[in-house]
Amino acid sequence: MSLQKELKNKNIYQNEITKIYPQSIPREFDDYLSTFPNHHPMKKQFIPSHEEITNTNGLYDPIGDSLHSKENGIIHRYKNRLLFTPTTVCPIQCRYCFRKNELAQRDELFKASINELINYLQNHQEINEVILTGGDPLMLSNDKIETIFKNLAGLVDYIRFHTRAPVIIPKRIDNDFIQLLKSYEPHFKIISIAIHTNHPDELYPAVDECIELLKSTKVKLLSQTVLLKDVNNNLETMTSLFKNLSERGIQPYYLHHPDKVKGAMHFYLPLIEGRELYGKLRDELPGFMLPHYVIDPSNGRGKTLAYNGESLDFSGSLIDRFGNKFTYNE
Ligand code: SF4
C-alpha cells in the first residue's frame, strides 16, 4: 500500500476512534509531546490507539461510582470524605482514563450545584473533607474555585484537589490562583493538591516552575499515579518517578492499579504483575518515597490495598477496609 493511502486509512481509523473517545491536547503540551519518538510512553498516554475500539473488554463504570453517586456531582463512598465533581472538563483526554466513557459524553462545564453540596454537607456532619475531582477541578476559573472555598469554609476541615493540570497546562497555576490559596489557607486545616503524574518525563521545566509556585503556599503537595502497561510498568521508570517527585517536595500518595476500563484495556495488566513490581519498589525506595498501592474494584467497595502482607506470594485474596477477604478476578 502506498504511504499516502496508508496515512489516509490511518486518519479514517483515527476519526472512528475520536468520534467515540474525543481527543484534545493543549498546544504547548503537544509541542512537548512531539519531542518524543513514536510509541514513547509519553505519547501512548495521550495519542488514540485502534485498541480503544477493537478491544471490547472492560467496563463502563470500572470502580462502581454509580453505586455511590448522588445527584449533582456528589459521590459519597467513604464515611467522612466526599467527592465533588464540579466539572466534566479536563485539560487533556488521557486515553487510559477510568472515567473515559462518562467523560466522552461531556457537554457541560458545571454539572454540579454548590447549593446542593452545602445542603448535603449540612445533613452529613460526619464529613470533614471534600475532594474536588472531575473532570479536572482546575479547569474551573479562579472565581468558581473561590465560590467553592467561600462556601466550604467552616463546613469542612480539609479540601483536596485531584488534578492533572499542573503537568498538562502548568501555566494554569497562575499568581491569582496562588493568592487565592494563600487567602483561604486560614479557613481550612489542610488544603492539599494531588498531582496526577505517571512518568518522570512529565516533570519538565515548566512543571518545575509551577511546583515552585505551589511551594510558596502552605498547600500539601501529593501525587497520584496510575500503573499503566507499556507506560510505567517497570522498576526504572517507577523508581525515577517517585524519587523525582519526592525530591521536589511532593509526597507520593497513591499508585493505582489500572482499572478495567472499556476502551482502555490495552493499558491493563494483571494484579500479580503489579504486586511483583511494587515488591521490588519496596526494596528500592525508602518508605517516605513509596505511595500506597491500591485497587478500586468494580463492586464500589472503594480503594483497597493491593499489596497485603499476607500476599507475599503475589497471589491470593485481598482484604478490604472492613477486614473482609475477597478474591480479585483477573
Ligand atoms: S485529566 Fe484525569 S479525569 Fe481527565 S481524562 Fe485525564 S485521567 Fe481522566
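Mentor: Let us begin with the largest pocket, whose lining takes at least two residues from each of strand S1 (74-78), strand S2 (81-84), helix H5 (100-103), strand S4 (158-163), strand S6 (220-226), strand S7 (251-256), strand S8 (292-295) and strand S9 (304-305). Keep in mind throughout that this is a predicted model.

Trainee: How much space lies in the largest pocket, and which residues are the closest to its centre?

Mentor: The largest pocket holds about 970 Å³ of space. It is lined by 49 residues, of which Phe98, Thr133, His162, Gln224 and His256 are the closest to the centre.

Trainee: What takes up the space of the largest pocket?

Mentor: That space is taken by the ligand. A molecule is said to sit in a pocket if more than half of its atoms lie within 2 Å of the pocket's grid points, and the ligand is placed in the largest pocket on that basis.

Trainee: What makes a residue part of the shell around the ligand, and which residues are they?

Mentor: The test is that one heavy atom of the residue lies within 4 Å of the molecule, and the residues that surround the ligand are Cys90, Ile92, Cys94, Cys97, Leu103, Gly135, Arg164 and His196. By kind, this shell divides into five nonpolar residues, two polar and one charged.

Trainee: How does the lining of the largest pocket divide by kind?

Mentor: That lining divides into 26 nonpolar residues, twelve polar and eleven charged.

Trainee: What makes a space a cavity rather than a pocket?

Mentor: A cavity is a set of points where a 1.4 Å probe fits but cannot get out, whereas a pocket is an open set. The structure holds one cavity of 30 Å³ or more, and about 30 Å³ of space lies in the largest cavity. Its lining consists of Pro166, Val167, Ile195, Leu203, Val207, Ile211, Leu245 and Ile250, with helix H8 (165-168) and helix H10 (205-215) as the elements that each give two or more residues. All eight of these lining residues are nonpolar, with no polar and no charged residue among them.

Trainee: Where is aspartate 208, and why is it called buried, exposed or partly exposed?

Mentor: Aspartate 208 has its place in helix H10. Apart from neighbours within four places in sequence, aspartate 208 is in contact with Leu203 and Arg248.

Trainee: How do you know whether threonine 163 is buried or exposed?

Mentor: Threonine 163, which lies in strand S4, has a relative accessible area of 1%. Buried means under 20%, so threonine 163 is buried. Not counting residues up to four places away in sequence, threonine 163 touches Asp136, Leu138, Ile193, Ala194, Ile195 and His196.

Trainee: Where is aspartate 230, and what is its phi?

Mentor: Aspartate 230 is in the loop between S6 and helix H11 (235-247), and its phi is positive as well, near 65°. Aspartate 230 has a relative accessibility of 45%, and therefore counts as partly exposed.

Trainee: How many of the chain's residues are buried, as a percentage?

Mentor: Of the 330 residues in the chain, 52% are buried, and the chain comes to twelve helices and eleven strands.

Technical notes: Residues numbered from 1 in each chain as written. Predicted model: local features only at pLDDT ≥ 70, side-chain atom pairs only at ≥ 80, totals over all residues. Heavy atoms only, no water. 1 Å grid on protein atoms, 1.4 Å probe; cavity = no way out; pocket = protein on both sides within 12 Å on 5 of 7 lines; lining within 4 Å. Nonpolar A, V, L, I, M, F, W, Y, C, P; charged D, E, K, R; others polar. Points joined across faces, edges and corners; volume = space filled by probe spheres on them. Helix = DSSP H or I, 4+ residues; strand = E, 2+ residues; numbered from the N terminus. Buried < 20%, exposed > 50% of the residue type's maximum accessible area, 1.4 Å probe, protein only. Contact = heavy atoms within 4.5 Å.
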